[in-house]
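Work through the exercises below with the sequence and the model open. Try each task before reading its solution.

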Amino acid sequence: MSAAAHSESTRGDGRATSGPDAILRDVTLRDGLQLTGKVLPVERKVEIVRRLLALGVPALEIGSMARADLVPPMANTMELIAALTPQELQRCWVWVATPRHIEKAAAAGVRNFQYCFSASDAHNKANIGRSTEDSVAAMPDAVRLAEEAGGEIQLCLATSFTCPFDGPVDPERVLAIANDPRTEGAADIVIADTLGQAHPTQVSALISAVRDRTPHRRIVFHGHDTWGMGVANTLAALQAGATMVDGSLGGLGGCPFAPGASGNTSTEDILFAARPTWFTPPVLADLVTLTEALLTELAEPNRSRTAEGARSKAPAFEWVITR
């Protein structure tokens with residue numbers, strides 16, 4: 001069973017619907033941590049995974065197969081995978097960039113693979129060390145290995161809107177990759193605003209185009225809040241047809257190989273805006289407590305406006321934390 005099966009609301013084919021009960025995937029333990037430069041102990045990561053799953057967060061991104069010397073906070077991803085149960089791993093995703101990554105992750109028990117590369121060549125070379133064409137060419141092997149493991153693979157396109165080196169990315173380039181025969185077999189397509197420079201009209205247009213031209217895939221939106229558009233872009237993506245969206249506790253994170261990228265869209269802010277049925281004031285209170293402890297531990301700022309509001313002195317509002 002993939003993470004897709006854990007949505008509160010599904011269509012007849014088992015895939016999540018869009019709207020309030022679209023899947024929220026928390027990416028704190030991968031995209032959140034990777035810019036901090038700090039390695040959380042495996043035991044702490046396991047605790048975070050289990051607390052988030054227990055609170056009802058449908059899906060998590062828990063780590064990356066990137067080289068530890070390049071992304072030190074991901075150094076203990078394999079140990080984390082080994083510490084989780086198969087049932088927990090059913091709701092967890094791992095970042096991969098090569099078929100070899102999938103082989104290693106699958107052998108450890110991973111079944112949900114996020115195969116990532118950039119729509120722009122310059123960023124792909126900086127991030128992965130190869131051209132976009134090379135990543136596309138390797139994808140059939142990646143799909144085959146994921147299928148042999150009994151898992152699912154996502155096609156994740158970083159820099160779908162802008163590249164820190166080349167500037168704006170032509171939407172037709174994204175659509176061409178999405179419809180390239182070599183990317184067939186990916187159950188989902190992740191459209192990533194890596195730099196957080198997109199605005200809602202752009203997001204809506206690209207998500208709609210992907211929906212219309214690749215209707216067989218679930219669409220995932222991965223946003224950043226660098227320019228303050230994270231929540232607005234996420235809501236625009238949901239309204240245009242995305243059925244999974246990414247967020248990070250307290251807005252932690254960013255790409256170490258993309259100058260100007262800082263801060264994922266906050267998990268708390270997305271949930272407060274989208275209001276899935278499982279998200280209640282007690283759940284928010286527990287999330288805020290978890291976030292505050294983690295960010296203090298990492299010496300990172302809390303960028304969540306919802307978390308700030310939850311600590312305000314307005315006790316008549318049910319979402320304010322009074323305990």
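**Exercise 1. Aromatic pairs**

Task: State how many aromatic pairs the model has, then classify the pair of phenylalanine 272 and tryptophan 319.

Solution: 
- This is a predicted model. The count comes to five aromatic pairs.
- The ring centres of phenylalanine 272 and tryptophan 319 lie 5.6 Å apart. The ring planes stand at 85 degrees. Planes over 60 degrees apart count as edge-to-face, so this pair is edge-to-face.
- Phenylalanine 272 sits in helix H11 (residues 267–274), and tryptophan 319 in the segment after helix H13 (305–310). They are 47 residues apart, and the pair links distant parts of the chain.

**Exercise 2. A second partner**

Task: Classify the pair of phenylalanine 279 and tryptophan 319, and say which parts of the chain the pair ties together.

Solution: 
- Start with accessibility. Buried means under 20% relative accessible area. Tryptophan 319 has 6%, so tryptophan 319 is buried.
- The ring centres of phenylalanine 279 and tryptophan 319 are 5.1 Å apart, with planes at 25 degrees. Planes under 30 degrees apart count as stacked, so this pair is stacked.
- Phenylalanine 279 lies in the loop between H11 and helix H12 (281–298). Tryptophan 319 is in the segment after H13, so the pair ties together parts 40 residues apart in sequence.
- Phenylalanine 279, at 5% relative accessibility, also counts as buried. Phenylalanine 272, at 25%, is partly exposed.
- Now widen the view. Phe272, Trp278, Phe279, Phe317 and Trp319 form one aromatic cluster.

**Exercise 3. The largest pocket**

Task: Describe the volume and lining of the largest pocket.

Solution: 
- The volume is about 570 Å³.
- The lining has 35 residues; Ser64, Ala66, Val71, Trp95 and Asn127 are the closest to the pocket centre.
- Sort the lining by class: 19 residues are nonpolar, 11 polar and five charged.
- Several elements supply at least two lining residues each, among them helix H5 (99–108), strand E4 (112–118) and helix H6 (121–127).

**Exercise 4. A loop residue**

Task: Is asparagine 179 buried, partly exposed or exposed, and which residues does asparagine 179 touch?

Solution: 
- Asparagine 179 is in the loop between helix H8 (171–178) and strand E8 (188–192).
- The relative accessible area is 35%, so asparagine 179 is partly exposed.
- Leaving out residues up to four places away in sequence, asparagine 179 touches Arg213 and Thr214.

**Exercise 5. Confidence**

Task: Find where the pLDDT is below 50.

Solution: 
- The protein chain averages a pLDDT of 90, and 90% of the residues score at least 70.
- Residues 1–18 have a pLDDT below 50.
- Where pLDDT is low, the predicted coordinates should not be read in detail.

Methods: Residues are numbered from 1 along each chain as its sequence is written. This is a predicted model: local features need pLDDT of at least 70, side-chain atom pairs count only at pLDDT 80 or more; totals for chains, interfaces and linings use all residues. Side-chain values use heavy atoms; hydrogens and water are left out. pLDDT is the predictor's confidence in each residue, from 0 to 100. Contact means heavy atoms within 4.5 Å. Helices (H or I, at least four residues) and strands (E, at least two) are DSSP runs, numbered from the N terminus. Buried means under 20% relative accessible area, exposed over 50%, partly exposed in between (1.4 Å probe, protein chains only). On a 1 Å grid over the protein atoms alone, a cavity is a set of points where a 1.4 Å probe fits but cannot get out, and a pocket is an open set with protein on both sides within 12 Å along at least five of seven lines; lining residues have an atom within 4 Å of a point. Grid points are joined across faces, edges and corners, and a volume is the space filled by probe spheres set on the points. Ala, Val, Leu, Ile, Met, Phe, Trp, Tyr, Cys and Pro count as nonpolar, Asp, Glu, Lys and Arg as charged, and the others, Gly among them, as polar. Rings of Phe, Tyr and Trp (its six-membered ring) pair if their centres lie within 6.5 Å; planes under 30 degrees apart count as stacked, over 60 as edge-to-face and the rest as tilted.
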